Amino acid sequence: MTDNLPEWMLRAFSRLRLGRYVGAAHGNALVARRLYWWNVEASAALYGSLHCLELALRNALHQQLTLGYRRDDWWTAAPLNPNGQRLVAKARSKCERRGPVPAPPDSMVAELSFGFWASLVSGGSGYDRLFWVPTVHKAFPHYSGRRDTLYDGLWSLVLLRNRIMHHEPIHHRDLAADHAKIYRMLGYLDPQLAKEAQAMDRFPAVLAGKADALRGSRPSRF
């Protein structure tokens with residue numbers, strides 16, 4: 001299926017990876033090639049708003065948990081489940097390999113993953129009672145809905161972010177809905193941040209140009 005793709009492209013990106021795009025393009029190698037580049041462009045365009053969400057989420061949660069536990073290394077006292085403890089230990093190990101021991105709280109906050117922070121909104125392992133009710137809900141001052149709805153939205157964006165960062169296809173997703181969800185989550189944290197992020201956001205233009213890009217009616221930036 002990939003035989004009609006340029007050899008340099010197959011060599012750089014692998015036949016297996018590109019085969020998924022050829023399949024999505026129903027065997028049309030030219031469309032598959034354009035779809036691959038559009039996927040790169042869409043991923044890049046979503047990066048900025050996801051960047052804002054991940055940083056705002058972790059800093060808002062860290063602030064509230066620091067206040068709640070009265071210590072900036074709150075993870076040493078918080079009732080994290082085994083997976084949370086594993087992620088903290090992994091972050092600590094990485095921080096201490098390249099910096100002072102013990103790892104400074106600011107370094108730990110930066111090292112802990114988007115998935116770790118989003119998991120604090122989940123209801124598993126009693127997190128609803130242990131984290132959400134006393135503390136975590138305060139990180140979302142502009143949200144008044146159900147915790148599980150908020151968690152589902154955040155976790156779907158963790159998965160989207162991971163696909164983007166691991167260079168996976170996202171073209172098949174409802175990206176307009178994903179994009180709107182990012183801004184809903186940002187708005188729950190800080191409406192001013194959401195407004196500022198939208199001012200630099202070029203994803204709507206990238207999405208609007210998808211059909212033209214796949215037809216080749218506008219020059220690719222790649």
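What percentage of the 222 residues in the protein chain is buried? Please then look closely at Lys 181: in which helix does Lys 181 lie, and which residues is Lys 181 in contact with, leaving aside its neighbours within four places in sequence?

Modeller: The model is predicted, with local features needing pLDDT of at least 70, side-chain atom pairs counting only at pLDDT 80 or more, and totals for chains, interfaces and linings using all residues. Residues are numbered from 1 along each chain as its sequence is written, and side-chain values use heavy atoms, without hydrogens or water.

Of the 222 residues in the protein chain, 45% are buried (under 20% relative accessible area; exposed is over 50%, partly exposed in between; 1.4 Å probe, protein chains only). The chain has 12 helices and zero strands (DSSP runs of H or I, at least four residues, and of E, at least two). Its C-alpha trace spans about 60 × 40 × 30 Å along the principal axes. Of contacts (heavy atoms within 4.5 Å) between residues at least 6 apart in sequence, 66% join residues at least 24 apart.

Lys 181 belongs to helix α9, which covers residues 175-189. Lys 181 is buried but has no salt bridge (a side-chain nitrogen of Lys or Arg within 4 Å of a carboxyl oxygen of Asp or Glu). With neighbours within four places in sequence left aside, Lys 181 is in contact with Gly 153, Ser 156 and Leu 157.

Conventions: Lys and Arg count as positive and Asp and Glu as negative; His and the chain ends are not counted.
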